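Dear colleague, please read the points below with the sequence and the structure open beside you.

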Amino acid sequence: MPKKPRTGLPTQAQILDFIANSDVPAGKREIAKAFGLTAQEKIGLKALLKDMADEGLIDSAPGRAFHKMGGLPKVTVLRIADVDDGGNVWAVPEHWEAETPPPRLRVRERKRGALGIGERILARTEEAGAGWIAHPMKVLAKASEQVLGVLRRDGDRFWLTGVEKKDRREFPVSDVGDAAAGDLVMTEITGRPPRISVRVVQRLGDPFAPRSFSLIAIHKLGIPDVFSGESLDEAERVSRMPLGDEREDLTHLPIVAIDPADARDHDDAVWAAPDDDPGNAGGWQAVVAIADVSFYVRPGSEIDREARRRGNSVYFPDRVVPMLPEILSAEVCSLKEGEDRAALVCHLRIGKSGKLDSWRFARARVRIAANLAYEDAQAAIDGTLSHPLTDTVLKPLWACWRALAKARDAREPLDLDLPERRVVLDAEGRIMSVAPRERLDAHRLIEDYMIAANVAAAKALEAKKAPVMYRVHEPPSREKLVALKDYLETFDVPFALGQVIRPATFNHVLARVGDADFRPQVMEQVLRTQTQAYYAPANQGHFGLSLGSYAHFTSPIRRYADLVVHRSLVAAYALGPGELTRADAEAMEQIGTTISGLERRAMEAERDTIDRYVAAFLSEKVGETLSARITGVQNYGFFATVEGIGGDGLMPVRDLGGEYFRFDEAARKLIGEQTGEEYALGQRIDLRLAEANPVSGALRFELPGGKGAAPGPRHVGSGRKDRVIKHRGRPQNIRHQGKRR
């Protein structure tokens, strides 16, 4: 029952009525002004509002505005969360503190298609029946206009140091909220030049704590990392569905899953044996069993909306942000040893030359014979580890793979064996080591089986005239090829532009380079020459793999594109529930564009997090002289990478000594005018590590003893364009920011 109002104060009912009908956010100031309260009565209003909040009548929103408990503020900030099959735009509150799931609001766009997923709007909200409508008032700062950084206190003022490598600006902080100096915070830029400042919108904690480096990437890029209560409840329900008796029973086959040692989600498993059909003498039968995610995640379900919003799982050294709730990704869908699991299987017949002769897709029940780490499978084949499945399962798998490898070699795909960095953490999340990941035949074996199944999926759907979500990799553009030609000329490596460019063209370049010191740089430049792969329903082929038709089919637990392909196969082969809907079939281009962008976001997050871990690992070596390799040369200095570890750092030209340096753009060199000293792409050099900042992932180098290391003999390119750069004084003292003091 409402309490008796204090003298001169509005009643609780009057306050609730004002909040419900106010066209502006209704905070204490607006309520006091609306009812003409005196200074003394405002004190009473504060107590009354607290009573109403304690009774559960109202709740506060960001900015200290109030709204009806269980509802939404009249005006609030929303984030666009989904665009459904009918083109309707849906949003959720940017901040939601209640224990109940956040409401979804249908956005009434002024212009259809103007708002995209992830955008933020200030909107007027309206309760309509059992749902909510949002009327956009204005589009707010995008994620790129938000700044993630660390708070620093200087006297009475707070400053924000951003986490971006390329932006070393500091911003004055107008509102720190509940954050303190040293905290990692998300802020929003306010004001206009020249009076720009930031205000804290979210406190994230200690940036140097274990597991914080991935958290920086998650918040910086807006990666969803918390599932709604509704999606978790739905995942729990569908996880209890029986597999059904209509599935093909393959539990008798000793199918094995070979994955990283620390894998929690097992998408794929394989089996192979000699083909007993005389028509395929010397050939093979193979089964590629893939988790049947489409059986559990149905189109239009809450789990499906969440998966599409994420696009893929994101893998960090310290955590995985999964595309699907854990009960599905790590349990029910995951192909675990000794457990009956639902699978969508690809039956392959492979000729002795490795050519795919035929394929068939079916839903099946499988029972995985073993979950093996790559290292253990390789050791068993090499004879250094005893395993009961070596003779019966692994040796036939390897024998069939040799045929697949023969076919791969014949089509000559792009062969870039660039090392992948592996960060090893202890149980507390502290860094134990950073080193290149070992590349084994076991890795190549699984890759080739997966490629075979992906090709079969694409060709099977083409034969059925069904929609295909292709994995497209287009040939390099002429502009990139011209740049590569200019680059290779600096190493006296010829590259003709008039030829038909195929993946083998680049392989031949690498063969001419051989084992030269600059081979890693050439491989990286060849990689930069390639286009970015993407998802689309129009087939442009896969240039890098030298394949005409290619789709991703083998990882539906962690990639939405694969789930789309599964649904199309289910529909094309009439395999039961979970088929591709007509609406999704018509929206394939839009879906492809969306998930391609989400894939790029995940790649950026993973790369940035590895850089932060590398910087943290190297922060213990600040002041030491390290062996490095120059990976980039610009007019303002050169970038170098620590040998065997990675992590790019800048060596500014101003710290190269007191002489003028000329930038030879074609040869990618800095050349001293007086001494002729050169700093060139690919050059090995000893550098002193001056700074390692784990928050940004940035490194900075100095020359040992203030002198340039003696560069080895190098070919001097002619150079199309020279720039003269003047050294601006002595090397500056660089404060070590790598560890919190």
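1. The model is a predicted one, in which local features need pLDDT of at least 70 and side-chain atom pairs count only at pLDDT 80 or more, while totals for chains, interfaces and linings use all residues. Residues are numbered from 1 along each chain as its sequence is written, and side-chain values use heavy atoms, with hydrogens and water left out.

2. In the protein chain there are 17 helices and 35 strands, where helices (H or I, at least four residues) and strands (E, at least two) are DSSP runs numbered from the N terminus. Of its 741 residues, 50% count as buried, a word that stands for under 20% relative accessible area, with exposed meaning over 50% and partly exposed in between (1.4 Å probe, protein chains only).

3. The protein chain exposes about 35100 Å², and carbon and sulfur atoms supply 49% of this area; the areas come from the Shrake-Rupley method with a 1.4 Å probe, and for residues only the protein chains shown count as cover. Among contacts (heavy atoms within 4.5 Å) with a separation of 6 or more, 66% are between residues 24 or more positions apart.

4. In soluble globular proteins, nonpolar side chains tend to be buried together. A nonpolar core is here a set of buried Ala, Val, Leu, Ile, Met, Phe, Trp, Tyr and Cys residues joined through side-chain atoms within 4.5 Å. The largest such core has 100 residues, of which Tyr296, Leu328, Val366, Tyr449 and Phe553 touch the most other members. Helix 11 (residues 441-463) gives the most to this core, with 14 residues. Another core, of 41 residues, lies apart from it and has Ile610, Phe617, Leu618 and Leu687 among its members.

5. Which residues does tyrosine 296 contact, leaving aside its neighbours within four places in sequence? They are Val238, Met241, Leu243, Leu328, Val332, Cys333 and Ala342.

6. Alanine 458 has its place in helix 11, and this residue counts as buried because its relative accessibility is 0%. With neighbours within four places in sequence left aside, alanine 458 is in contact with Val468, Tyr470, Ser549, Tyr550 and Ala551. Alanine 458 and phenylalanine 553 are 95 residues apart in sequence, and their C-alpha atoms are 8.6 Å apart in space.

7. Is lysine 220 buried or exposed? Lysine 220, which is found in helix 4 (residues 212-221), counts as buried because its relative accessibility is 14%. Its side chain makes a polar contact with the side chain of glutamate 164 at 3.2 Å; such a contact is a pair of N or O atoms within 3.5 Å, and within protein one must be able to donate a hydrogen and the other to accept it, while residues adjacent in sequence count only if both atoms are side-chain atoms. Leaving aside neighbours within four places in sequence, the contacts of lysine 220 include Leu148, Met186 and Arg612.

8. Strands of a sheet pair through backbone hydrogen bonds, either parallel or antiparallel, and two strands are taken to pair if DSSP finds at least two bridges between them. Strand 30 (residues 661-664) and strand 31 pair in the antiparallel sense over 4 bridges, with phenylalanine 663 opposite leucine 670. These two strands form a hairpin with 4 residues between them, and arginine 668 in the turn has a positive phi of about 55°. From strand 31 (residues 669-672), Lys669 and Ile671 point one way and Leu670 and Gly672 the other way, and all are buried. Strand 31 is also joined by 3 bridges to strand 32 (residues 678-680), and the two run antiparallel.

9. Strand 33 (residues 684-693) is largely enclosed by the rest of the structure, because 7 of its 10 residues are buried. It runs antiparallel to strand 27 (residues 625-634), to which 5 bridges join it, and 5 bridges also join strand 33 to strand 34 (residues 698-702), again antiparallel. Strand 33 and strand 34 form a hairpin with 4 residues between them, where glycine 697 in the turn has a positive phi of about 80°.

10. Finally, 5 strands close into a barrel in the order 4-5-6-8-7, with mixed pairing.
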